[in-house]
Amino acid sequence: RRAAFAALRDVPPVTKDGHRVTLMVNAGLRDDAAALDTTGADGIGLFRTEFQFLVSATLPQRERQQRLYRDVMEAAGDRPVVFRTIDIGGDKALPYLNTDPGDEENPAMGWRALRLALERDGLMKAQARALIEAGAGRTLNVMFPMVSEAWEFDEAKALFEAQRAWLGSRGRRLPLDVRYGAMLEVPALAEQLDLILPNVDFLSIGTNDLTQFLFAADRANPKLAERYDWLSPSILRFLRRVVGPAREAGVPVGVCGEMGGRPLEAMALIGLGIDRLSITPAAVGPVKAMIRSLDRDAITAEMARLLAHPVRDMRGALGAWAATNGV
Ligand code: PEP
Ligand code: MG
């Protein structure tokens, strides 16, 4: 099977009825960019910039950040790289930074990611400059984690735009374009789609955090790992509720959580109208094989039918549908 997946490297992820899906990979280290060539992926849909901070003994200075970002963009060539600004804090506290809020009872719901970055804005200003300088002459894609309200995205974008203007005023070479996206992983943001959609260039749904917040179930707790299924009606209906308005507004919406890396889950996502997935590199082959065996219009109809009258075992129902339809 491995050889069969490798043989798919150079064929596009197109459904049987001719719909092209954008398949990208998740990455976080310099060497991860090599996965683009081994998998034939369309780009890096999630570059977790906090990895560099987490593996460093000291705060990575702007020059070091910039070098990493430039190396990754160079390795990606024409393929897009979506850089997610640092998602640290909570359980990912940095010992060399005084960002420890003290003992948090619920670090996942704590002072982390954009919440921390907007307050400690020196950190994000340095990262903004590093990204903007690294993106000189290219299109730079930036995405903010844990956006809970639309204004947080607006503030983060304004911070980046101020750095872009400042660098421009100093005669620095700038990106050709900067595209800004929000991660949708805190359910509250779904109630502010009308406020955020006019201002974002794209949305990326982080199903890892979204699932834990939607079900109030710690994603790191093994006791709960099997309890709530990604294919449950709650998750699928939630996603459907987000995809509709995003598509109407012409805003590309993808999924960058682990859910998209499972073939049956990816099939369901495509049936909900999602056509961009960013997944772990090892999943590209299996997901691409699934896509090439799938009729998008048929799964779209099946998802509408199932979500109108959900059964308890949605996984079983979707698995049976896949088997009957040669997926
Ligand atoms: C997510 O939450 O789904 C996600 C992609 O981000 P992370 O796993 O890094 O929190
Ligand atoms: Mg997340």
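Biologist: What makes E1 and strand E2 (residues 44-48) a pair, and in which sense do they run?

Modeller: Two strands pair if DSSP finds at least two bridges between them. E1 and E2 have 3 bridges, in the parallel sense; so, by that rule, they pair. Asn26 has Leu46 of E2 as its bridge partner. Helices (H or I, at least four residues) and strands (E, at least two) are DSSP runs, numbered from the N terminus.

Biologist: Why is the crossover from E1 to E2 called right-handed?

Modeller: The chain passes from E1 through helix H2 (residues 34-39) to E2. With the strands pointing away from the viewer, a right-handed path from the first strand over the helix to the second runs clockwise. This β-α-β crossover is right-handed.

Modeller: A note on the source. This is a predicted model: local features need pLDDT of at least 70, side-chain atom pairs count only at pLDDT 80 or more, and totals for chains, interfaces and linings use all residues. Residues are numbered from 1 along each chain as its sequence is written, while chains are lettered from A and ligands numbered from 1 in the order in which they are written.

Biologist: How many bridges join E1 to strand E8 (residues 276-279)?

Modeller: 4 bridges, and the two strands run parallel. Thr22 has Arg276 of E8 as its bridge partner.
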